[in-house]
Amino acid sequence: MRRGHLVELHRGEYRVGAVSSEHAHEMAALLACGPDAVLSHRNSADFWDLYRYPATAPVHVTVPPAKSVARHRIHIHRALIAKADVRVRDGIRVSSPPRTVLELAAHLDQELLEFVVAEANYRRLASDPELRSQVECNPGKRGVRRLARVLDIPGGPRRTRSRGERRLLRALRQHEVEGYEMNSKIHGYEVDFLWRDLDFVLELDGWDGHSGRVAFERDRLKIANLEANGLTVMPVSGRRVRDDLDGVLDRLRRALEHHRQKS
(Lines give C-alpha, C1' and ligand atoms only; values in the text may rest on other atoms or scores of the structure.)
Protein backbone atom coordinates (compact mmCIF):
# COMPACT_ATOMS: atom_id res chain seq x y z
CA MET A 1 0.00 0.00 0.00
CA ARG A 2 2.88 2.40 0.76
CA ARG A 3 4.27 1.82 -2.72
CA GLY A 4 0.87 2.26 -4.36
CA HIS A 5 0.54 -1.33 -5.61
CA LEU A 6 -2.65 -1.72 -3.55
CA VAL A 7 -5.30 0.99 -3.12
CA GLU A 8 -7.90 0.49 -0.41
CA LEU A 9 -11.45 1.10 -1.71
CA HIS A 10 -13.29 -0.33 1.31
CA ARG A 11 -12.15 -2.04 4.46
CA GLY A 12 -10.59 -5.30 3.27
CA GLU A 13 -11.18 -4.50 -0.43
CA TYR A 14 -8.29 -3.29 -2.59
CA ARG A 15 -7.67 -2.21 -6.14
CA VAL A 16 -4.48 -3.62 -7.66
CA GLY A 17 -2.42 -0.91 -9.31
CA ALA A 18 -2.84 2.81 -9.74
CA VAL A 19 -5.28 2.71 -12.66
CA SER A 20 -8.93 1.85 -11.98
CA SER A 21 -10.56 -0.66 -14.31
CA GLU A 22 -14.16 -0.39 -15.49
CA HIS A 23 -16.68 -1.06 -12.69
CA ALA A 24 -13.89 -1.43 -10.11
CA HIS A 25 -15.73 0.66 -7.51
CA GLU A 26 -18.99 -1.22 -8.10
CA MET A 27 -17.28 -4.60 -7.77
CA ALA A 28 -15.50 -3.48 -4.60
CA ALA A 29 -18.81 -2.33 -3.10
CA LEU A 30 -20.43 -5.70 -3.84
CA LEU A 31 -17.51 -7.61 -2.31
CA ALA A 32 -17.68 -5.39 0.77
CA CYS A 33 -21.40 -6.13 1.21
CA GLY A 34 -21.25 -9.91 0.80
CA PRO A 35 -22.10 -12.58 -1.80
CA ASP A 36 -25.85 -11.83 -1.84
CA ALA A 37 -25.41 -8.11 -2.58
CA VAL A 38 -26.76 -6.72 -5.86
CA LEU A 39 -25.76 -3.54 -7.70
CA SER A 40 -28.97 -1.52 -7.95
CA HIS A 41 -30.81 1.78 -8.41
CA ARG A 42 -28.77 4.54 -10.10
CA ASN A 43 -25.68 2.36 -10.47
CA SER A 44 -27.68 -0.37 -12.15
CA ALA A 45 -29.26 2.23 -14.44
CA ASP A 46 -25.79 3.47 -15.38
CA PHE A 47 -24.61 -0.13 -15.87
CA TRP A 48 -27.42 -0.70 -18.41
CA ASP A 49 -26.75 2.75 -19.94
CA LEU A 50 -30.26 3.93 -19.12
CA TYR A 51 -29.43 6.85 -16.84
CA ARG A 52 -26.04 8.42 -16.14
CA TYR A 53 -24.61 8.30 -12.64
CA PRO A 54 -21.23 9.81 -11.67
CA ALA A 55 -18.49 7.24 -11.10
CA THR A 56 -17.31 9.20 -8.04
CA ALA A 57 -20.72 9.09 -6.29
CA PRO A 58 -21.62 6.54 -3.57
CA VAL A 59 -22.44 3.09 -4.96
CA HIS A 60 -26.04 1.84 -4.58
CA VAL A 61 -26.23 -1.78 -3.40
CA THR A 62 -29.26 -3.83 -2.34
CA VAL A 63 -28.91 -6.52 0.34
CA PRO A 64 -31.50 -8.83 1.98
CA PRO A 65 -33.61 -7.11 4.69
CA ALA A 66 -32.09 -9.11 7.55
CA LYS A 67 -28.49 -8.42 6.57
CA SER A 68 -26.60 -5.98 8.79
CA VAL A 69 -23.95 -4.12 6.84
CA ALA A 70 -22.68 -0.55 6.69
CA ARG A 71 -19.85 0.85 4.62
CA HIS A 72 -18.57 4.34 3.93
CA ARG A 73 -19.56 5.61 0.44
CA ILE A 74 -21.97 2.71 -0.16
CA HIS A 75 -25.69 3.48 -0.20
CA ILE A 76 -27.30 0.36 1.26
CA HIS A 77 -30.87 -0.62 0.30
CA ARG A 78 -32.62 -3.55 1.97
CA ALA A 79 -35.11 -5.55 -0.05
CA LEU A 80 -35.84 -9.02 -1.33
CA ILE A 81 -35.00 -9.30 -5.03
CA ALA A 82 -36.37 -12.28 -6.92
CA LYS A 83 -33.80 -14.49 -8.61
CA ALA A 84 -35.31 -13.61 -11.99
CA ASP A 85 -34.58 -9.93 -11.29
CA VAL A 86 -30.83 -10.47 -10.91
CA ARG A 87 -28.39 -10.59 -13.82
CA VAL A 88 -24.69 -11.44 -13.75
CA ARG A 89 -22.56 -9.50 -16.23
CA ASP A 90 -18.75 -9.37 -16.14
CA GLY A 91 -18.90 -11.07 -12.75
CA ILE A 92 -21.15 -8.34 -11.33
CA ARG A 93 -24.52 -9.14 -9.78
CA VAL A 94 -26.83 -6.37 -10.98
CA SER A 95 -30.57 -5.82 -10.89
CA SER A 96 -32.32 -6.58 -14.18
CA PRO A 97 -33.43 -3.68 -16.41
CA PRO A 98 -37.15 -4.06 -15.48
CA ARG A 99 -36.27 -4.11 -11.78
CA THR A 100 -33.91 -1.16 -12.29
CA VAL A 101 -36.70 0.92 -13.84
CA LEU A 102 -38.89 0.19 -10.81
CA GLU A 103 -36.05 1.20 -8.47
CA LEU A 104 -35.61 4.50 -10.34
CA ALA A 105 -39.34 5.22 -10.27
CA ALA A 106 -39.12 6.32 -6.64
CA HIS A 107 -36.41 8.89 -7.40
CA LEU A 108 -37.22 10.40 -10.82
CA ASP A 109 -40.02 12.76 -11.76
CA GLN A 110 -42.59 11.46 -14.22
CA GLU A 111 -40.98 13.13 -17.24
CA LEU A 112 -37.55 11.60 -16.66
CA LEU A 113 -39.09 8.26 -15.75
CA GLU A 114 -40.94 8.25 -19.08
CA PHE A 115 -37.61 8.87 -20.80
CA VAL A 116 -36.06 5.85 -19.03
CA VAL A 117 -39.07 3.59 -19.70
CA ALA A 118 -39.18 4.49 -23.40
CA GLU A 119 -35.43 4.06 -23.80
CA ALA A 120 -35.48 0.66 -22.07
CA ASN A 121 -38.33 -0.46 -24.32
CA TYR A 122 -36.65 0.87 -27.48
CA ARG A 123 -33.45 -1.00 -26.69
CA ARG A 124 -35.40 -4.15 -25.78
CA LEU A 125 -34.11 -4.14 -22.22
CA ALA A 126 -37.53 -3.91 -20.56
CA SER A 127 -40.82 -4.50 -22.36
CA ASP A 128 -44.22 -3.15 -21.33
CA PRO A 129 -45.36 -6.57 -20.02
CA GLU A 130 -42.16 -6.93 -17.99
CA LEU A 131 -42.62 -3.52 -16.41
CA ARG A 132 -46.28 -4.16 -15.67
CA SER A 133 -45.23 -7.39 -13.99
CA GLN A 134 -42.95 -5.34 -11.72
CA VAL A 135 -45.92 -3.15 -10.80
CA GLU A 136 -48.15 -6.15 -10.06
CA CYS A 137 -45.51 -8.06 -8.07
CA ASN A 138 -44.44 -5.13 -5.87
CA PRO A 139 -47.62 -3.58 -4.42
CA GLY A 140 -46.88 -0.84 -1.93
CA LYS A 141 -43.26 -0.35 -3.03
CA ARG A 142 -42.14 3.24 -3.51
CA GLY A 143 -42.39 4.32 -7.13
CA VAL A 144 -44.95 1.69 -8.18
CA ARG A 145 -47.77 4.21 -8.66
CA ARG A 146 -45.56 6.57 -10.62
CA LEU A 147 -44.38 3.77 -12.89
CA ALA A 148 -48.00 2.65 -13.41
CA ARG A 149 -48.96 6.21 -14.43
CA VAL A 150 -46.15 6.34 -16.98
CA LEU A 151 -47.13 2.97 -18.45
CA ASP A 152 -50.73 4.18 -18.76
CA ILE A 153 -49.90 7.41 -20.64
CA PRO A 154 -52.25 7.59 -23.67
CA GLY A 155 -50.31 6.38 -26.69
CA GLY A 156 -47.62 4.93 -24.42
CA PRO A 157 -44.35 6.44 -23.20
CA ARG A 158 -42.57 8.44 -25.87
CA ARG A 159 -38.84 8.14 -26.52
CA THR A 160 -37.04 11.49 -26.44
CA ARG A 161 -33.40 12.34 -27.05
CA SER A 162 -33.08 15.85 -25.62
CA ARG A 163 -34.48 18.30 -23.12
CA GLY A 164 -35.96 20.31 -25.98
CA GLU A 165 -37.89 17.27 -27.23
CA ARG A 166 -39.26 16.62 -23.73
CA ARG A 167 -40.29 20.26 -23.36
CA LEU A 168 -42.09 20.24 -26.72
CA LEU A 169 -43.71 16.87 -26.01
CA ARG A 170 -45.08 18.21 -22.72
CA ALA A 171 -46.55 21.21 -24.55
CA LEU A 172 -48.14 19.07 -27.28
CA ARG A 173 -49.87 16.98 -24.62
CA GLN A 174 -51.03 20.00 -22.65
CA HIS A 175 -52.53 21.56 -25.79
CA GLU A 176 -53.97 18.24 -26.99
CA VAL A 177 -52.09 18.20 -30.28
CA GLU A 178 -52.35 14.63 -31.58
CA GLY A 179 -51.50 12.37 -34.48
CA TYR A 180 -47.69 12.48 -34.25
CA GLU A 181 -44.94 9.91 -33.95
CA MET A 182 -41.58 10.65 -32.33
CA ASN A 183 -38.10 9.70 -33.54
CA SER A 184 -39.59 7.60 -36.32
CA LYS A 185 -38.03 6.50 -39.60
CA ILE A 186 -39.28 7.74 -42.96
CA HIS A 187 -37.48 7.64 -46.33
CA GLY A 188 -34.30 6.47 -44.61
CA TYR A 189 -34.18 9.27 -42.02
CA GLU A 190 -35.10 9.42 -38.35
CA VAL A 191 -37.18 12.55 -37.71
CA ASP A 192 -38.12 14.20 -34.43
CA PHE A 193 -41.90 14.64 -34.81
CA LEU A 194 -43.80 13.08 -37.69
CA TRP A 195 -47.43 13.48 -38.73
CA ARG A 196 -47.30 10.59 -41.18
CA ASP A 197 -50.81 10.94 -42.58
CA LEU A 198 -50.16 14.63 -43.35
CA ASP A 199 -46.61 14.15 -44.74
CA PHE A 200 -45.48 16.74 -42.20
CA VAL A 201 -42.29 16.79 -40.11
CA LEU A 202 -41.10 19.01 -37.29
CA GLU A 203 -37.33 18.92 -36.81
CA LEU A 204 -35.92 20.30 -33.57
CA ASP A 205 -32.46 21.79 -34.11
CA GLY A 206 -30.25 22.21 -31.06
CA TRP A 207 -26.90 24.00 -31.26
CA ASP A 208 -24.98 21.15 -29.58
CA GLY A 209 -25.98 18.58 -32.17
CA HIS A 210 -26.28 20.78 -35.24
CA SER A 211 -23.45 23.33 -35.05
CA GLY A 212 -20.57 23.37 -37.54
CA ARG A 213 -20.39 23.17 -41.31
CA VAL A 214 -20.62 19.37 -41.56
CA ALA A 215 -23.71 19.21 -39.34
CA PHE A 216 -25.27 22.18 -41.17
CA GLU A 217 -24.80 20.56 -44.58
CA ARG A 218 -26.01 17.17 -43.27
CA ASP A 219 -29.20 18.75 -41.94
CA ARG A 220 -29.85 20.68 -45.14
CA LEU A 221 -29.39 17.49 -47.18
CA LYS A 222 -31.78 15.63 -44.88
CA ILE A 223 -34.46 18.32 -45.30
CA ALA A 224 -33.91 18.45 -49.07
CA ASN A 225 -34.33 14.68 -49.41
CA LEU A 226 -37.44 14.63 -47.22
CA GLU A 227 -39.01 17.46 -49.21
CA ALA A 228 -38.06 15.72 -52.47
CA ASN A 229 -40.15 12.79 -51.25
CA GLY A 230 -43.17 15.01 -50.73
CA LEU A 231 -42.85 15.90 -47.03
CA THR A 232 -43.08 19.38 -45.57
CA VAL A 233 -40.39 20.02 -42.96
CA MET A 234 -40.77 22.68 -40.26
CA PRO A 235 -37.38 23.32 -38.59
CA VAL A 236 -37.55 24.74 -35.06
CA SER A 237 -34.55 25.76 -32.98
CA GLY A 238 -34.16 24.62 -29.42
CA ARG A 239 -33.93 28.27 -28.39
CA ARG A 240 -37.37 28.95 -29.91
CA VAL A 241 -38.85 26.07 -27.92
CA ARG A 242 -37.26 27.43 -24.77
CA ASP A 243 -38.03 31.15 -25.25
CA ASP A 244 -41.10 31.25 -27.53
CA LEU A 245 -43.00 28.03 -26.98
CA ASP A 246 -46.42 29.64 -27.51
CA GLY A 247 -45.25 31.01 -30.85
CA VAL A 248 -43.92 27.60 -31.91
CA LEU A 249 -47.23 25.94 -31.01
CA ASP A 250 -49.23 28.60 -32.86
CA ARG A 251 -47.18 28.17 -36.06
CA LEU A 252 -47.37 24.38 -35.74
CA ARG A 253 -51.16 24.36 -35.34
CA ARG A 254 -51.61 26.64 -38.35
CA ALA A 255 -49.31 24.45 -40.47
CA LEU A 256 -51.10 21.27 -39.43
CA GLU A 257 -54.52 22.80 -40.18
CA HIS A 258 -53.28 23.90 -43.60
CA HIS A 259 -52.14 20.35 -44.42
CA ARG A 260 -55.40 18.83 -43.17
CA GLN A 261 -57.36 21.09 -45.50
CA LYS A 262 -55.15 20.03 -48.41
CA SER A 263 -55.45 16.30 -47.71
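A: A nonpolar core is a set of buried Ala, Val, Leu, Ile, Met, Phe, Trp, Tyr and Cys residues joined through side-chain atoms within 4.5 Å. The model examined here is predicted. Its largest nonpolar core holds 36 residues, and those touching the most other members are Cys33, Val61, Val101, Leu113, Val117 and Leu147. Helix 4, residues 110–122, gives the most to this core, namely five residues.

Valine 61 can be followed in detail. Leaving out residues up to four places away in sequence, valine 61 touches Ala29, Leu30, Cys33, Ala37, Val38, Ser40, Ile74, His75, Ile76 and His77. A second core of 21 residues is separate, and Tyr180, Leu202, Leu204 and Leu252 are among its members.

Helix 4 also takes part in a pocket. The second largest pocket has about 260 Å³ of space. Its lining is made of 14 residues, of which Ala118, Asn121, Pro157, Arg158 and Arg159 are the closest to the centre. Two or more lining residues come from each of helix 4, helix 5 (128–137) and strand 8 (181–186). Helix 4 supplies the largest share, four residues. By type, the lining has eight nonpolar, three polar and three charged residues.

Strand 8 contains serine 184. Serine 184 has a relative accessible area of 13%, so it counts as buried, the cut-off being under 20%. Its side chain makes a polar contact of 3.0 Å with the side chain of glutamate 181. Apart from neighbours within four places in sequence, serine 184 is in contact with Tyr189, Glu190, Val191, Leu194 and Arg196.

Methods: Residues are numbered from 1 along each chain as its sequence is written. This is a predicted model: local features need pLDDT of at least 70, side-chain atom pairs count only at pLDDT 80 or more; totals for chains, interfaces and linings use all residues. Side-chain values use heavy atoms; hydrogens and water are left out. Buried means under 20% relative accessible area, exposed over 50%, partly exposed in between (1.4 Å probe, protein chains only). Contact means heavy atoms within 4.5 Å. On a 1 Å grid over the protein atoms alone, a cavity is a set of points where a 1.4 Å probe fits but cannot get out, and a pocket is an open set with protein on both sides within 12 Å along at least five of seven lines; lining residues have an atom within 4 Å of a point. Grid points are joined across faces, edges and corners, and a volume is the space filled by probe spheres set on the points. Ala, Val, Leu, Ile, Met, Phe, Trp, Tyr, Cys and Pro count as nonpolar, Asp, Glu, Lys and Arg as charged, and the others, Gly among them, as polar. A polar contact is a pair of N or O atoms within 3.5 Å; within protein, one must be able to donate a hydrogen and the other to accept it, and residues adjacent in sequence count only if both atoms are side-chain atoms.
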